[in-house]
Amino acid sequence: MVMVRRFLAVGRMVVAIYAGYKGLQIAGWVTGASRRPDYYDAHHRRSARLIYNTAVRHEGLLIKACQFAGARADILPLAYVEILSELQDRVPPRPFSAIAPWIESQLGRSLGECFEHIEEVPVAAASLAQVHRGRMLGGREVAVKVQYPQIDRIIATDMANFSFFINLLAFIERSFDFRILLDEVRKYVPEELDFVNEANNARRLAENFAEDDSVMFPTPIAELSSRTILTMDYIEGIKVSDVEGLDAAGIDKHRVAELLVTTYLRQVLVHGFLHGDPHPGNLLVRPGPVLVILDLGLAMECSEELRRGLIKLSAAIIARDAARIGAAFRELGFETRSGDDDTFITLGELFLGQALEAHQAYADLAMIERIQEQLFGALRANPIVKASSDLLLVLRVMGLLSGLGKQLDSQVDPLTVMMPFLTGREKKKD
Ligand SMILES: Nc1ncnc2c1ncn2[C@@H]1O[C@H](COP(=O)(O)OP(=O)(O)O)[C@@H](O)[C@H]1O
Ligand SMILES: [Mg+2]
């Protein structure tokens, strides 16, 4: 029953939004008038509100999807970004009367035995958990991340729905086969629901960046943690997308943008271990600037092959060498239907080549429209039939960083930051 209700809610939402855009398009044809940006903006806003309301009511993976969308200032209209980004850390919380007994049952002790003090009003609430500030018996200031009771069941329902839609779509429309995404979600969602895994990721990332003072991760406290509760050091900071806050603290947002790009490049290309969820709700900045990375449940091992493949691909794209671009994609596990490389070459140029050519960290609107046109043309003519799921996560990270680049008005030149990695000046430490 719950499953059907969630299913219908999403269906209704999609139809209402689609019908609205279609209506505007038809009205444009009928009246012959040119596109009315104000009408479109009103419908963007209505649609974003509708998605927000549906997500808040039904939670689960919907919130996750909104967190991703709300971070894509580089490709989505402002209305979506403004409204959906609220779900990065401001989901309406569960009352403390439900949370307190849950913490006690999960830790097997009373709150008084665990904490000197815990604040009843959470500092934030997001997709899987809400976070309460507290103090340990010795006085250490902590953040207590409490997984919502029953969230695992909600997520399992969402997975089933999601899987149904994707299989249906793949059946109806052969060129819209997103089943590879499904494997991706199936693999990572259970890991995100296990806070022991998150604590391990936190330790491993902290170790990788041990010599780097400009990046920090909250230290987990094992004796007050479980699969569903994660107690860690409380870290104060300014949300990375809060440009006014950064300005007020005298932090240069361009340096923050640069720090972000190098931090994530280093993870992929040097450490081979990548945090997969850099949306603005998970990133704080302290004076320095020091980047604080939270929410480490989603992380991935980058194999030596993936690392080498990505370096080769970037080098080939920079050199504009078509044969090497094709070879690099094939080495990364991609295949096109015809076996020809033309789609890869378009894809490579579009993703990296154009941003490199323009020397900017994110695409502007005109560039995105051009990219979409060329990419869809290429995909229609010779679709990609196999892709690497590891690379999809890397692309997700790149997408989130590109969105942040736009919000921070990044002036990072991708070519300049990537050069040391391509020439081997930044090397893996063994
Ligand atoms: N160690 C911490 N110190 C300070 N604030 C934190 C800490 N951990 C989490 N938060 C706050 O709580 C929010 C939700 O935590 P997060 O780990 O991102 O949960 P979720 O997986 O539900 O997104 C974060 O966006 C951040 O605002
Ligand atoms: Mg988060």
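Two strands are said to pair if DSSP finds at least two bridges between them, and both strands (E, at least two residues) and helices (H or I, at least four residues) are DSSP runs numbered from the N terminus. This is a predicted model, in which local features need pLDDT of at least 70 and side-chain atom pairs count only at pLDDT 80 or more, while totals for chains, interfaces and linings use all residues. Residues are numbered from 1 along each chain as its sequence is written, and chains are lettered from A and ligands numbered from 1 in the order in which they are written.

A separate description applies to the open sheet of 4 strands, whose order is β5-β10-β9-β7 and whose pairing is mixed. Strands β5 (215-216) and β7 (238-239) stand at its edges with a single partner strand each, so one side of each is left without a neighbour in the sheet. Strands of a sheet pair through backbone hydrogen bonds, in either the parallel or the antiparallel sense. Strand β7 runs antiparallel to strand β9 (residues 283-286) and is joined to it by 2 bridges, in which Ile 238 is partnered by Val 285 and Lys 239 by Leu 284. On β10, the residue that stands opposite Val 285 is Leu 291, as part of the antiparallel pairing of β9 and β10 over 4 bridges.

The turn between these last two strands deserves a careful look. Strands β9 and β10 form a hairpin with 3 residues between them, and Gly 288 in that turn has a positive phi of about 150°. The peptide bond from Gly 288 to Pro 289 is cis, with omega near -5°, and Pro 289 lies in the loop between β9 and β10 (290-293). Most residues other than glycine have a negative phi, and most peptide bonds are trans.

How is the shell around ligand 1 made up by class? It has 12 nonpolar, 3 polar and 4 charged residues, where Ala, Val, Leu, Ile, Met, Phe, Trp, Tyr, Cys and Pro count as nonpolar, Asp, Glu, Lys and Arg as charged, and the others, Gly among them, as polar. Of the 19 residues around ligand 1, those that come nearest are Ala 124, Ala 126, Val 131, Ala 143 and Asp 295, a residue being near if its C-beta atom, placed from the backbone, lies within 6 Å of the molecule. Strands β3, β4 and β6 (229-233) each supply at least two residues of this shell. Because domain 2 (89-149 + 194-234) and domain 4 (240-425) both give residues to the shell, ligand 1 lies between them; the domain bounds come from an automatic or database domain assignment.

Finally, the loop between helices α2 and α3 contains Glu 59, whose phi is near 50°, a positive value in a residue other than glycine.
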